[in-house]
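Please view the sequence and the model together while reading.

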Amino acid sequence: MKRSGHGTLLIGRLAAGGPVLATVMVGHDGHRGWIYYLAVDPDYRRGGLGRQAVQAAEDWLRHRGLAKAMLMIRTENEAVRAFYERCGYGVEERIVMSRRIGSGS
Ligand SMILES: CC(C)(COP(=O)(O)OP(=O)(O)OC[C@H]1O[C@@H](n2cnc3c(N)ncnc32)[C@H](O)[C@@H]1OP(=O)(O)O)[C@@H](O)C(=O)NCCC(=O)NCCS
């Protein structure tokens, strides 16, 4: 499989070789950085791992010259919105448009 180098999956563990407790997907299109699919093991939430995962994603983007990190959350997802606000993110009023163009995921 050919790798673009424009995205990666970061994983977080408390100790080397220990279980994966946090994951986040991060990528960019050369202009904007995007954060996707952040998740922390339910037994380890509210302990700072989510914030560390976001910071690791931001570092990954910064290292590649990206100045802005973006993400999308569902309008009704107040909890995740509150989490990202605690991490310094703010809402930008935009309309997201999409169209299904194939059967892939
Ligand atoms: C969202 C999620 C990643 C947060 O991870 P976490 O490890 O619990 O977050 P942290 O402990 O680093 O919290 C960072 C800050 O956000 C706050 N926070 C975390 N979860 C919150 C919630 N559900 N509601 C309000 N604030 C929240 C914390 O209190 C903390 O605030 P502080 O700045 O006062 O310390 C985790 O709840 C999760 O995996 N949720 C399910 C997956 C999901 O919805 N992912 C988002 C995909 S868009």
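Among contacts in the protein chain between residues at least 6 apart in sequence, what percentage join residues at least 24 apart? The share is 42%.

## Overall architecture

The model described here is predicted. The protein chain contains 2 helices and 4 strands, and from the N terminus on these elements follow the order β-β-β-α-β-α. Along its principal axes, the C-alpha trace spans about 40 × 35 × 30 Å. The chain has 105 residues, of which 16% count as buried.

The 4 strands make up an open sheet with the order 1-2-3-4 and mixed pairing. Strand 1 and strand 4 are the edge strands, each pairing on one side only.

Strand 1 and strand 2 run antiparallel and are joined by 6 bridges. Within this sheet, isoleucine 11 stands opposite threonine 23 of strand 2. Strand 2 also pairs with strand 3 in the antiparallel sense, over 6 bridges. Here histidine 28 lies opposite glycine 33 of strand 3, while glycine 27 has tryptophan 34 of strand 3 as its bridge partner. A hairpin is formed by strand 2 and strand 3, with 4 residues between them. In the turn of that hairpin, glycine 30 has a positive phi of about 95°.

The pairing of strand 3 with strand 4 is parallel and extends over 2 bridges. Tryptophan 34 stands opposite methionine 70 in strand 4.

## Helix 1 and its two sides

Helix 1 covers residues 49-63. At 1.5 Å a residue, its 15 residues should span 21 Å, and the end C-alpha atoms are 21 Å apart, which agrees. After helix 1 comes glycine 65, whose phi is positive, near 85°.

Which residues of helix 1 are buried? They are Gly50, Ala53, Val54, Ala57, Trp60 and Leu61. These residues cover an arc of only 115° around the axis, and therefore they lie on the same side of helix 1. An α-helix has 3.6 residues a turn, so residues three or four places apart point the same way. On the other side of helix 1, Asp59 and His63 are exposed.

The buried residues of helix 1 pack against strand 1 (7-12), strand 2 (22-28), strand 3 (33-40), strand 4 (69-70) and helix 2 (78-86). Helix 1 lies across strand 1, strand 2, strand 3 and strand 4, and it runs at about 25° to strand 2.

## The nonpolar core

In soluble globular proteins, nonpolar side chains tend to be buried together. In this model, the largest nonpolar core has 13 residues. Those with the most contacts inside this core are Val24, Val26, Ile35, Ala53, Val54, Ala57 and Leu61. Strand 2, strand 3 and helix 1 each supply at least two residues of the core. The largest share, 5 residues, comes from helix 1.

Which residues does isoleucine 35 touch, not counting residues up to four places away in sequence? Isoleucine 35 touches Val24, Val26, Val54, Ala57, Ala69 and Leu71.

## An exposed loop residue

Aspartate 43 is placed in the loop between strand 3 and helix 1. Is this residue buried or exposed? Aspartate 43 counts as exposed because it has 7 C-beta neighbours inside 10 Å, and the cut-off for an exposed residue is 12 or fewer. Aspartate 43 and glutamate 78 are 35 residues apart in sequence, and their C-alpha atoms are 20 Å apart in space.

Note on methods: Residues are numbered from 1 along each chain as its sequence is written. This is a predicted model: local features need pLDDT of at least 70, side-chain atom pairs count only at pLDDT 80 or more; totals for chains, interfaces and linings use all residues. The expected span of a helix is 1.5 Å times one less than its number of residues. A residue is buried if 20 or more other C-beta atoms lie within 10 Å of its own, exposed if 12 or fewer, and partly exposed in between; C-beta atoms are placed from the backbone. The arc is that of the directions from the helix axis to the C-beta atoms. Two residues are in contact if their C-beta atoms, placed from the backbone, lie within 7 Å. Two strands pair if DSSP finds at least two bridges between them. Axes are lines fitted to C-alpha atoms, for helices over the stretch in contact, and angles run from 0 to 180 degrees between N-to-C directions. A nonpolar core is a set of buried Ala, Val, Leu, Ile, Met, Phe, Trp, Tyr and Cys residues joined through C-beta atoms within 7 Å.
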